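Q: I have a structure open here and I'm new to it. Can we go through a few parts of it together?
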Amino acid sequence: MQSLISRSTYSYTMPTTTKVLKSTLANKILDNKIRDLEYKPYVDIGIVEDNVEYLLKDKGVNGAYRKEALASIEKRKGEQIIYNDLAYFKNKGIASKFVLGFMQNDSSLPELAPAWNATPVHDSNQSGKWYQDRLDKWQQNGLNLQKDITISFGPFANSFWHTAYLNNYTELDLANAFSEISNKYQTKSFDFYFAAPYNRINSEYAESTRLLAGALKILLEQDQNYQIRLSIITGNDGLVIPTPENTPYNGSKKQVGSDVYPLYEFTRFLGLNFTLNLVSAYLQPNKNNTINDRWEVPALKTAIEATHKTWKGMLSVFSPENPATQNDQLIYNRMGVTPWIGTRAELPSYKFDATDAVEIRKFALAKGMADMSMFYISRDFPSHFQANDIGNADQNPLDQNIRSGTGYEAFTYSKILSGQKIVAPNEVTDRNQILALSGALDYDRIIRNNQDLDQYTNPSDNWSGGEDSSTDPKEFWKARKNRYFSWDEANPNRLNGTTANHITTKTNAVSSTYFTPYIDNGLWEGNDLHGMINGKQAPDYTQQNVPNFNNKVNNFEALTLSFVQQVKNHNNYLDFSIAGIETGNDGYEYWEQNQLKQKVLDPLVKHKTFDKLRVSYGGLSTGHNPGENAWNVAYNKYYNENEPNMDTAVSILAERFTAFNQNLATLAGYSNPEAARANMPMSLDFDIEGAAQFTLKENRLLAKTLAFMKKNNPKWTFSLTLPVMPDGLTDICKKLVKIFIEEYQKQGLSSDVLPIINIMAMDYGDGIYAQARNHGQTNFDLAKATTISTRRNLKEIINKVYNVNINNKILNRFLGVTPMIGVNDTVEGVFTLEDAKELYNWAHDENLAFISMWSVNDDKGFNNQQPSAKTITSHGLNYLREWDFMRAFNGDWQEWVKQPARNPFKNKITGILS
């Protein structure tokens, strides 16, 4: 939507109750029809349309070259593969109904503004227009939005209804917002997809769920033609209320767990006037299952039947005057199921194959269910499962959204789940046989080793961000260049005519301003510290021909180990690991010894810097799923809101933080318990972003814990890593910082020992980067402005809590800054080596607490000895050497760091990837 949703001139006040709501819909059934099983798969509007678009995006080439890309594929004896074209699917008879996702809130705006995939609608590259263009094309080719489309809202960050709650919208306001969306997209069919953190029961997420249910009640009262579907991710047990055996549910919220909570509110407000859809994303084998067991369908059947029982119990409480709501057949006829097809990339023991698809459709038909979905239709394509070293993840380089990890021809799952095919075909397992199937994409041949488009990446003299020259570019990546072959194109505002303004003079270093880069040890690449610390003769990939090039990084002192999370599937107790990797099995032990110990801890011990390790919790993953944060788990398990304090939760959480660092010391070789305690790192970082920012009660528990630990042992140091903008902390981050400072003050701690605020100087949004570039500013200028603005925010908060006026010189000791090196996730942001050197100088001049960077793993412009676009193991600046950012931030300014080659690939664009 191009304009913000308007509010009503009057408000509707939701009835308040602690038990049973007397909803006007509770005892009504607006639609008595028995529904036939209808197939309508999930579609993500942002997934690549075809392999032509995939090739263009992979090579960082704009959409003006579609013909050239298709010709390149055909030259390699490939054909166009359609992954995401709803009109094509409809016309081919593959499916006629679709659940189109995901409608969220514009990520660049705090106000209510619906947008596909949270993409800013006002950004410079017109990505919002790109989504509309795609929809328009589908409609022109035969898609009927009114009849064929259900809009899906959710499921993770930037939830539309949660944003409405945060902006104080009433139920009527939100109902009117849905009416506007309905009018714009010509459909009255809505799906609300709930996953963590939005299914929470004891936070503002619960309030926003209640707001949504109330709004939908009003919507249905205004127009009974709306079709509402609630979709919830289910585990093996289904949605279960843990009441004692043979004890019926009594309507109390206290009996309801988080996973069931959205169903609780929807049933209170809507009765049986919506469809309940179960998504099988969280099914897990039990400990007795082997890799070959067929456990998926039995688990899913159990989940459906258990959920049916739960819903029936709720309806008996909330719709007691309508006996129809106790009709088993009618309840099943308001249910749907969405299997996650194929293998799970991160859980290869999950394999929902064609036989499973046949079984679950037969089950749904027998139960009289209404909806049969699938996640996603774009995954209904063959691919081979390519196991990693320990066999616990699929490393096939294909995008996960366009591969099934199974050996069936394209659209096999769709044909089965829609009823077109009733017998499961035989699966092929040999890689070459799979690549011969219809719809299979040979990634190495068609994408990875394709050099045909390299000539179109040659930069122009003027900055264009990779724009094509067409008058009406349609592709959303038209301004999304993600690789740079030359210094000049990456640094447009550091050119003086044709002269490059390199930063060559290094300031005097301040020993108290240290460098502690993040290393993502959940990855298998880019984390071998031996070579970085000790040096090794390295190929000069950039062809700068520096004699005796040795890639050693001098002055290396500190490191930030990321990201520690609660172990998945261990929710009954606190158990931490890097990336939440499951502990206590052979696979974990292999990873622990060969990745964590050998590649990271051993070099630190040998280099005598182990004690300077900073252990970081949280990160982007828990920003999407706050329930995986240690403090969220502790809050939910050990803190009862009826108790007067959090002492138990604080004590247990502090003990587990300490124990994790002690275990790291033991793994590093300090086997004696006393030696482990003496040598363990005493620095912790907490990266709180995304939805995790809004779990204020849980974050207060963390704040209390850090203050408790600091008071009991002053050696502990803590940092809070927070998203910011050039004008400073966001409103929610101001609240977070205030919470931590308040808890320090309550413990009697001095304002001199507060946690460091680590500024995420990255991903501001393409519009901000473009505006800064147009005003002659660099990414260093933005990082500096962000730091100064945050310092001002911090000063105001400290003064308010402690009633002290701290000067800027002291405040600088509470500030760290962490840029994302190279091409950012919002790719108009390009943090170059010149920005890094200038930030090094300014940080030491200002005596900031530390500099960091994201990350060690991608500190090179190459992958597999080839220039690479931006990836998780490449920063996309192809003219730099491996670890040049490490050198710049460490003060190890070799001559090539002072003056990188400006265009090492001049006249060599074609063929450099051979």
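Q: How many helices and strands are in the protein chain?
A: The protein chain has 30 helices and 29 strands. Keep in mind that this is a predicted model.

Q: And what share of the residues is buried?
A: Of the 914 residues in the protein chain, 59% are buried.

Q: What about contacts, how many join residues at least 24 apart?
A: Counting contacts between residues at least 6 apart in sequence, 76% join residues at least 24 apart.

Q: Let's pick a residue. Where is Met374 found?
A: Met374 sits in a loop, between strand E12 (371-372) and helix H13 (412-417).

Q: Buried or exposed?
A: Met374 is buried, because its relative accessible area is 0% and the cut-off for buried is under 20%.

Q: Which residues is Met374 in contact with?
A: Leaving aside neighbours within four places in sequence, Met374 is in contact with Tyr39, Pro41, Tyr42, Thr338, Pro339, Ile341, Asp380, Tyr413, Ser414 and Leu417.

Q: What separates the C-alpha atoms of Met374 and Phe98?
A: The two C-alpha atoms are 9.8 Å apart, while Met374 and Phe98 are 276 residues apart along the chain.

Q: Another methionine, then. Where is the place of Met532?
A: Met532 belongs to helix H17, residues 529-534.

Q: Is that one buried or exposed?
A: Met532 is buried, with a relative accessible area of 0%.

Q: What does Met532 touch?
A: Not counting residues up to four places away in sequence, Met532 touches Asn551, Lys552, Val553, Phe556, Val856, Trp883 and Met886. For Lys552, the distance to Met532 is 5.0 Å from C-alpha to C-alpha, and the two are 20 residues apart in sequence.

Q: Changing topic: how do the axes of helix H20 and helix H21 cross?
A: The axes of H20 (residues 630-638) and H21 (residues 647-667) cross at roughly 140° and come within 9 Å. The crossing is right-handed.

Q: Which residues make the contact?
A: From H20 they are Ala630, Trp631, Ala634 and Tyr638, and from H21 they are Thr648, Ala649, Ile652, Leu653 and Phe657.

Q: How do those residues of H20 and H21 divide into nonpolar, polar and charged?
A: Eight are nonpolar, one is polar and none is charged.

Q: Now the cavities. How many of 30 Å³ or more does the structure hold?
A: There are four cavities of 30 Å³ or more. The largest cavity has a volume of about 170 Å³.

Q: What lines the largest cavity?
A: The largest cavity has 17 lining residues, and Pro492, Gln777, Thr778, Asn779 and Val830 lie nearest its centre. Helix H25 (766-774) and helix H26 (779-802) are the elements that give two or more residues to this lining. The largest share, three residues, comes from H25.

Q: And how do the residues of that lining divide?
A: The lining of the largest cavity has seven nonpolar, six polar and four charged residues.

Q: What about the second largest cavity, how much space lies in it?
A: The second largest cavity holds about 40 Å³ of space.

Q: Which residues line the second largest cavity?
A: Its lining is made of Leu720, Val737, Phe740, Ile741, Leu754, Pro755, Ile757 and Leu794. Helix H24 (residues 731-746) gives the largest share of the lining of the second largest cavity, three residues.

Q: How many of those are nonpolar, polar or charged?
A: The lining of the second largest cavity has eight nonpolar residues, no polar ones and no charged ones.

Notes
Residues numbered from 1 in each chain as written. Predicted model: local features only at pLDDT ≥ 70, side-chain atom pairs only at ≥ 80, totals over all residues. Heavy atoms only, no water. Helix = DSSP H or I, 4+ residues; strand = E, 2+ residues; numbered from the N terminus. Buried < 20%, exposed > 50% of the residue type's maximum accessible area, 1.4 Å probe, protein only. Contact = heavy atoms within 4.5 Å. Axes fitted to C-alpha atoms, helices over the stretch in contact; angles between N-to-C directions. Left-handed = near helix turned anticlockwise from the far one by under 90°. Nonpolar A, V, L, I, M, F, W, Y, C, P; charged D, E, K, R; others polar. 1 Å grid on protein atoms, 1.4 Å probe; cavity = no way out; pocket = protein on both sides within 12 Å on 5 of 7 lines; lining within 4 Å. Points joined across faces, edges and corners; volume = space filled by probe spheres on them.
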